[in-house]
Amino acid sequence: MKNKILQLSVVLAFALFTSCKSDGQNINSDSAQSVEYQGKEISTAHDAEIDKLISQMTLEEKIGMLHGTTMFSNGGVPRLGIPELKMADGPLGVREEISRDNWAPAGLTNDFATYYPAGGALSATWNPEMSHTFGNSLGEELRARDKDMLLSPAINMVRTPLGGRTYEYMSEDPFLNKKIAVPLIVGLQEKDVMACVKHFAANNQETNRDFVDVQIDERTLREIYLPAFEASVKEAKAYSIMGAYNKFRGEYLCENDYMLNKILRDEWGFKGIVVSDWAAVHSTAKSLKSGLDIEMGTPKPFNEFFLADKLIAAVKAGEVSEDEINLHVKRILRTLFQVKAMGGGERTKGSIATEAHYQDAYKIASEAIVLLKNENNALPLKLDGVKSIAVIGNNATKVNALRGFGAGVKTKREITPLDGLKNRLPASVKINYAEGYLERYDVKNKGNIGDITINGPVTIDQLDPAKLQEAIEAAKNSDVAIVFAGSNRDYETEASDRRDLHLPFGQEELIKKVLAVNPKTIVVMIAGAPFDINEVSQKTSALVWSWFNGSEGGNALADVLLGKVNPSGKLPWTMPKAITDSPAHATNSFPGTKTVEYKEGILIGYRWFDTKKVAPLYPFGYGLSYTTFDFSDAKADKASYANNETISVSVTVKNTGKVAGKEVVQLYASKSDSKIVRAAQELKGFQKVSVEAGKSATVTIKVPVKELAYYNVATKKWTVEPGKYTLNVGNSSRDIKSKIDVTIK
Ligand code: BGC
């Protein structure tokens, strides 16, 4: 482990040294992202000891290890010193302790944790270093809670903006997805815990997730839906994978031989364990033989699980051999040794909810916030002469750590936007707060998988006249108004997809009315997924996008609004003008009924918008700064490359404004004369760089030629088509500053 860290720091130091040396200018540590994060393979060094243990176990003890015996652990074998494998959700931080045999919180007092920014936020940093920090920090929290496995990261592709878990997931782009996922897993596993990468795979909607049969053509599967999982296994060496709820090509994913045995293990060489999603198992012998190792689930007597008494009976009936059982037990034991839950060795002790971890959450949050519009430099707020600010909107005070269906975090610190402004504004500025709009849910559905009423005595979009009036008065009587709009984790939630993109609770009307009385109104969206903000975006001069942004989200947001932090987040997905512009909807292939066919094929996200020439509201990769950047002198190191070479593209980024800032240089490849169907362009490299005002930095992006490959279904091979490729270098998918032609031999 120490070697690994040493190795990483050497590469990091080298990267820093070379990047600083190459231009003699001002690049800080942010330029070190070209570091490749490589994980550590599960060791087989303890195999003899493991075989001996297995030889001493009864069939019942072995099978006890293959299923949940509590809500979040399998069975251990205390007499042989085999501990339970203890798991915890999840993407936002270590979940509070759940009772051993039901979903009720255990009621502990020592399980308060740091609430980290959600997956979409992490991706919006476009900074793998943030992702590594995220993994390390969370790994320490997990150890402080004495857990072995984090049920995270969640890396399913954002196929539709309506997906209930869009906020948890990373992106609509497989390259960004893997570049964020890999360092997170490596960072986590450096702390002697396992990542459980979920949900494998093609789990891209909540509607009918328990049974929907997903049909994806092979090329699309390989190029879009699997790359981040593949990199998690091959590069990050994830110790565990979670099988999804849904079916893929007719088979449930926890009993899908093609996905679990053929692809995951045979092709990718996965050595770890496959854990089912909670209650996602439908068979006994079939699941086990198809590659599942541990069945987890929701309350029913644990011995009634498919891999419990039924499995004992199957072995006794000769349907499953004891050798097969031993294979799965051995895999589990290897992972326990790997994270030092067994075999001695000094294991990370960890720490939880520390100031250092809150600061990790702050750093990530502050790099995640995206500035969408800033006419006449409305932001950062200039406080000269400002005596009062109206803070309007339920989202100014809404907390999200523990809301909605699914895993949240019990935390002592969640700085709301209002708290953040109170913390950061001078006492001389008066805050006039008004809630503005009310969340309205169908009472009978409240708390029930986010299903909200559309019809009823009041619609969800109805504003409360008194609340509206209060907001108008606050806006009128203040020098500046900020409306905190968007959604929350009751509205965007696991287990249900949104019905449409509209801003709920009458927020659009509220924003218009506030703008009418105070033109100096800034709109801040707090949400994890795209919304219809066409009109809002036209009417307001400044628009900021924040996320379910963790314990320090409100402080980070206030620092962006007040200019202490220069925003550098970029959208990890496309903000469409209308839902019908999005590929899954334009092809009328969401949500399906029993089956859903991904008719858009490889043209997910911006690939669709760019290829079909549909204008988005805000494109993938987009985000402004308080400064401006000029790109010049973009060039490749050579004109032509062989298959095994790496293209090195350099570009000079000059900060032409008055403040220091961070820019994300993005490289998209296109092949206009391709013999196969291709997207207009695909992201193949990016790097975030920090540049002082007036200074320049040279950014180098390395693209291994193999990244240009497409999946050839006929030969079942990744194939690089020879010929001319154009490399588009820009700061969003729609703002390309230079095009460089290269030839692949
Ligand atoms: C979710 C998983 C989660 C599990 C345990 C399931 O409903 O899909 O992401 O890890 O519950 O809480």
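Since the model is predicted, local features need a pLDDT of at least 70 and side-chain atom pairs count only at pLDDT 80 or more, while totals for chains, interfaces and linings use all residues.

Let us start with the ligand. There are 14 residues around the ligand, and Asp89, Arg165, His199, Asp277 and Glu494 come nearest among them; here a residue is near a molecule or strand if one of its heavy atoms lies within 4 Å of it. Sorted by class, this shell has six nonpolar, one polar and seven charged residues, where Ala, Val, Leu, Ile, Met, Phe, Trp, Tyr, Cys and Pro count as nonpolar, Asp, Glu, Lys and Arg as charged, and the others, Gly among them, as polar.

Which side chains come to oxygen atoms of the ligand? A polar side-chain atom of Arg165 lies 2.8 Å from an oxygen atom of the ligand, a polar side-chain atom of Lys198 lies 2.9 Å from an oxygen atom of the ligand, and for Asp277 the distance between an N or O atom of the side chain and a ligand oxygen is 2.7 Å. Taken alone the ligand exposes 310 Å², and the protein buries 94% of that, with accessible areas coming from the Shrake-Rupley method with a 1.4 Å probe, and, for residues, only the protein chains shown counting as cover. The distances I have just read out are polar contacts, meaning pairs of N or O atoms within 3.5 Å; within protein, one atom must be able to donate a hydrogen and the other to accept it, and residues adjacent in sequence count only if both atoms are side-chain atoms.

And where does the ligand sit? The ligand sits in the second largest pocket. On a 1 Å grid over the protein atoms alone, a pocket is an open set of points with protein on both sides within 12 Å along at least five of seven lines, and a molecule sits in one if more than half of its atoms lie within 2 Å of its grid points.

His199 lies in strand 5, residues 194-200, where helices (H or I, at least four residues) and strands (E, at least two) are DSSP runs, numbered from the N terminus. The peptide bond from Lys198 to His199 is cis, with omega near -5°.

Ala202 counts as buried because its relative accessible area is 2%, and the cut-offs are under 20% for buried, over 50% for exposed, and in between for partly exposed (1.4 Å probe, protein chains only). Ala353 also has a positive phi, of about 50°, and this residue lies in the loop between helix 12 (322-338) and helix 13 (355-368). Ala353 is partly exposed, because its relative accessible area is 25%.

Asn74, in strand 2 (residues 73-74), is buried because its relative accessibility is 0%, and its side chain reaches the backbone nitrogen of Leu85 at 2.7 Å. Thr133, in helix 5 (residues 128-144), is buried because its relative accessibility is 15%, and its side chain reaches the backbone oxygen of Glu129 at 3.0 Å.

Gly723, in strand 26 (residues 723-732), is 83 residues from Ser640 in sequence, and here the C-alpha atoms are 9.2 Å apart.

Technical notes
Residues numbered from 1 in each chain as written. Heavy atoms only, no water. 1 Å grid on protein atoms, 1.4 Å probe; cavity = no way out; pocket = protein on both sides within 12 Å on 5 of 7 lines; lining within 4 Å.
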